[in-house]
Structures are given as structure tokens and as C-alpha cells.
Amino acid sequence: YDVILANYNITAIPVYFANRHNNNNYYYIQAYEPGFYMKNSFRELILKFIAWLTYFLPLKKIVNAGIYKNYKNIRSSIVIPPGLDLNIYYPKELNVQHKDELIVGCIGREEEWKGSEDVAMAVKILHDKGYKIKFKVAFNPVKYKNHELVFPDGDENLANFYRSLDILVAPGHIQLGAIHYPVIEAMACNVPVITTGYYPANDENSFIVPIKRPDKIAEIIESIMNDYLIATQKSTKAREDIQQFDWKIVSNKFIETFDKNLNTKK
């Protein structure tokens with residue numbers, strides 16, 4: 001092959017050993033993966049060490065967000081975001097009128113740092129106050145039983161899940177400023193987003209809350225119920241900001257990066 005691209009820490013190792021003399025081996029780093037192993041089991045410590053070690057491999061590193069250009073033991077000068085098929089993740093029509101019931105959703109994950117339970121606790125706070133909230137969780141259940149669990153298989157169904165929501169909440173705890181797929185996918189679908197600050201979220205295109213603060217999430221949802229218009233204004237701005245993730249643009253950036261290096265060697 002002229003170019004080999006690894007996109008996960010374990011795959012970076014065989015890519016390196018497959019042709020150590022090839023200067024066109026790339027490593028697409030989508031997150032600081034050692035940070036995902038938080039248990040002190042022997043298995044997780046080994047996996048954490050392997051992930052950490054791969055960042056020292058002499059591969060050409062591409063990161064998917066600016067925060068990883070000089071992050072811990074990652075060093076890279078090339079930033080290319082992940083891509084979305086905007087023909088699948090297309091925008092929904094938003095009703096700016098006041099709604100008696102709001103549909104709030106999140107991606108259910110077992111890892112505490114993903115923040116799924118923060119959303120569940122926020123919804124419980126609002127239910128206890130008497131607000132009509134329909135809570136939809138994708139993939140994995142949360143501890144608060146008052147939710148609808150769905151399994152949106154494939155991009156088309158996942159995009160439909162986002163479009164079924166009035167609000168998507170993505171309150172992760174770590175590596176803020178990185179790319180978090182639910183954030184960009186929901187933004188592409190014109191769904192208002194509450195998040196702890198994953199790129200490209202900011203105060204103009206989404207609602208930013210502190211980490212591990214279900215009470216703050218509940219406050220934002222309550223304010224949105226009282227004035228959904230501001231949420232639609234933010235989601236419209238988010239839809240503009242999400243165009244940089246168009247797969248056509250992203251794929252061209254990869255090809256240009258590969259071609260530039262190949263042409264330099266000729």
C-alpha cells in the first residue's frame with residue numbers, strides 16, 4: 001500500500017510493524033484513549049499502557065481536535081475532524097411554540113464519565129417538580145426507570161432518534177473541547193444540545209453546563225421549556241457551525257494530507 005491509516009490504538013501496532021520503513025503510515029487519534037481505562041484491574045492497566053505506548057510510535061499522527069495537538073504524550077501538527085454524512089444527519093423542523101411535554105434524550109453509556117446518569121438525575125428532578133418530560137435513552141439503560149429505551153441500529157436510525165428529540169444532553173466529564181459524536185450528530189439534525197463543552201459547542205450554539213451537575217442540567221431544561229425559541233436560535237447557529245464536518249470536506253482533507261506527503265517523497 002502507498003498509505004496505511006490506523007484509527008485505534010491497538011491497530012496502530014500492526015500498522016507500524018507491517019512496514020517500518022514506510023514513511024506513509026498514519027495514526028488517526030480520535031481521543032486520548034488511556035483516559036478511558038479507569039478501573040484498576042490488571043486487564044485495564046495493560047490496555048491503558050498499550051494505548052499510552054502507541055503515541056510514541058513513529059507514525060504520522062493526525063488528531064481529530066485541536067486539544068490533542070499537544071496533549072499529554074500526544075504530539076501532532078495535523079488536525080482533521082471526524083466526518084458526518086449530512087444527507088443522513090439532516091435537520092429537523094423545529095416548532096418554536098411552547099410545548100407542554102418536552103422530549104429529552106441522551107446516549108446511554110455504562111461508564112460514569114459519559115454522564116448518562118447525570119441526565120437521568122436531572123430528569124428525575126424535573127419529574128419531581130411536576131414537569132412533563134419524556135425521557136428517551138439510546139442503547140443502554142440508566143438507573144432511573146422512568147425512561148424509554150431505544151436501539152437505533154445504523155446511522156439512519158440514529159439520526160431519526162436525534163430528530164425525535166426536543167433536546168439532546170451530552171454531559172461527559174473528561175477531555176472537554178474534544179469531539180463527542182452525539183454533540184455533532186445532534187447539531188447536524190438541528191436538535192438543541194446541552195453539553196459540558198465538547199467541540200464545536202459554545203454559548204452561541206448550545207447550552208454549556210458544568211460537569212457532574214444534574215441540577216444545572218435540570219435548570220437549563222426548565223428554562224428551555226419556558227422559552228423554546230432561544231433553543232431553536234442556538235440550534236440554527238449550531239447547524240451552521242457543523243458544516244465543517246461534512247464528510248466530503250473531511251475526506252478531501254485526508255486525501256490532500258496523503259497526497260502532500262507522497263508528492264514530497266517524489
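Begin by selecting helix H6, residues 214-226, whose 13 residues reach 19 Å from the first C-alpha to the last, close to the 18 Å expected at 1.5 Å a residue (the expected span being 1.5 Å times one less than the number of residues; helices are DSSP runs of H or I with at least four residues, strands runs of E with at least two, numbered from the N terminus). This is a predicted model, in which local features need pLDDT of at least 70 and side-chain atom pairs count only at pLDDT 80 or more, while totals for chains, interfaces and linings use all residues. Residues are numbered from 1 along each chain as its sequence is written, and side-chain values use heavy atoms, with hydrogens and water left out.

Next, show the open sheet of six strands, which runs E9-E8-E7-E10-E11-E12 with parallel pairing (two strands pair if DSSP finds at least two bridges between them). Strands E9 (148-150) and E12 (207-208) stand at the edges with a single partner strand each, so one side of each is left without a neighbour in the sheet. Zoom in on E8, residues 132-138, which pairs with E9 over three bridges; the bridge partner of Ala138 is Val150 in E9.

Finally, select Asn7, Tyr8, Asn9, Tyr27, Tyr28, Ile29, Gln30, Ala31, Glu33 and Tyr55, which line the largest cavity, a space of about 30 Å³. Strand E2, residues 25-29, gives the most to this lining, with three residues. Here a cavity is a set of points on a 1 Å grid over the protein atoms alone where a 1.4 Å probe fits but cannot get out, and lining residues have an atom within 4 Å of a point; the volume is the space filled by probe spheres set on the points, which are joined across faces, edges and corners.

Methods. On a 1 Å grid over the protein atoms alone, a cavity is a set of points where a 1.4 Å probe fits but cannot get out, and a pocket is an open set with protein on both sides within 12 Å along at least five of seven lines; lining residues have an atom within 4 Å of a point.
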